[in-house]
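These are my notebook entries on one protein model.

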Amino acid sequence: GPGGRVSRRSFVTGMFAAISAPVLDRAADAATRAQRPWGTLLRARPTRMELGRRQVSTWAYNDGVPGPVIRATAGGTVRARLVNGLPEPTTVHWHGIRLAFPMDGAPGLSQRPTQPGETFDYVFTVPDAGTYFYHSHVGMQNDRGLYGALIVEDPHEPLGYDVEYTVVLDDWLDGVNGTPDEELRRLNASEEHDDTIRSSALGGVAGETLYPYYLVNGRPKGDPVTFAGRPGARARFRVINASADTAFRFAIGGHRLTVTHTDGFPCTPVTVDTVMLGMGERYDLLVTLGDGAFPMMAVAEGKRAKAYAVVRTSRRAAAPRRGSRVPELNGRMLAYRDLDAHRADHLPAPARSVRVRLGMEPSGNEWTLNGRLYDDPLRLRVDQGETIRIVLENESPMWHPMHLHGHTFQVRGKTGRRGPRKDTVNILPRERLWIDVHADNPGEWMFHCHNLYHQEQGMMGLFGYG
Ligand code: C2O
Ligand code: CU
């Protein structure tokens, strides 16, 4: 089959209720190997998929949402051939990778967008191990299902674990036909959505758009994916928020989460009950699996909805009830100040700093960096080899997960304390955060809010050399 939902589902009939992520990963790997020398073939095209009991139209890579998991080894090369079967131009951006500028997939900057019927070959070295993802960087295409996980393995992996799972969270919207308002209203009133969990744990919201579905690995809560393992196993969950307009608060019922990596980079491990992921952020979590069947829950912050999956280590255990409570969601939540990069990943002290104000136009329809829209963008200029501090000040009532292409930065505490290495950082309303960037990768890089609506409505600047 074409690798869509239906064939995956029929494959597991008689086994667990759904297939586990590692099996999907291995299938994707086999596909990758079979397609040398072009590594992964990414066919972007309109397709149909099953969501719950509905057949829907979407856009996807290789007819699957998420697209195939791409795996590489640090220091190795990723080869991916994009074949554009969409009715619009497109590009692929490799989110978080410190790659050579021409491969960045930034339309109009690093490449001319790939036209319908054309192909584009992405070939680049991946210097750092970690959890990344790829997505279209044209318009709202990411919101239509054009995304997938990119895992860069460490050839000398220091973290001992028995099994790993890739968990991709998304807010899915029928961006092809448009989900009719009437249907959205019906879905929001139905049990797909849950009015017991509306929350804004950190104040303000990351997004406002209501979506018909919130997905874990392409599956809605009514037809959840199962992550199967054995009791006592040390499991590594690579959690990616690929959504356009939703921050997720993530927890696994009955389990604590040891955070080992942020946006791919290792940090001093911290154990918490729940983590918040802004759009574009990733966390790697080590979990010792209990015995039974447990709800995995990702609350869509500020919305009456959640994404849901099952972690199962026993065939006999009853499935967790759909409405089950996950008290961990209200337990200790990870904060950036809990995290520190490994010493070897600390950046040199910055010689200068620049201020970037995150603002909203009075109309509420345009989002700005230092008062500017992308039409006439904010330009941050750096010299090769220098380290600069960017002081991000949120003067608006919403969250902004700010993302810098081609680099990772170090989040700094107010007292100058070191913090985690990241490429996407959430700035809450009226909050101020410092990030230090070492300029070591020449190019004309995008620096933008990863709320896709904000990005499209102006909230993007440039980080360039010379
Ligand atoms: Cu994941 Cu410019 O974005
Ligand atoms: Cu924003």
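Entry 1, domains. I noted domain 1 (5-153), domain 2 (163-338) and domain 3 (343-465); such bounds come from an automatic or database domain assignment. The contact draws on eleven residues of domain 1 and twelve residues of domain 3, where two residues are in contact if their C-beta atoms, placed from the backbone, lie within 7 Å.

The model is predicted, with local features needing pLDDT of at least 70 and side-chain atom pairs counting only at pLDDT 80 or more, while totals for chains, interfaces and linings use all residues. Residues are numbered from 1 along each chain as its sequence is written, and chains are lettered from A and ligands numbered from 1 in the order in which they are written.

I took strands as DSSP runs of E with at least two residues, numbered from the N terminus. Strand 9 (residues 163-172) is largely enclosed by the rest of the structure, because nine of its ten residues are buried (20 or more other C-beta atoms within 10 Å of a residue's own, all placed from the backbone). I then looked up its pairing, which requires at least two DSSP bridges between two strands. Strand 9 pairs with strand 12 (residues 234-241) in the parallel sense over seven bridges, and valine 163 has alanine 235 as its bridge partner there. With strand 10 (residues 213-216), strand 9 pairs in the antiparallel sense over four bridges; aspartate 170 is bridged to leucine 215.

Conventions:
A residue is buried if 20 or more other C-beta atoms lie within 10 Å of its own, exposed if 12 or fewer, and partly exposed in between; C-beta atoms are placed from the backbone.
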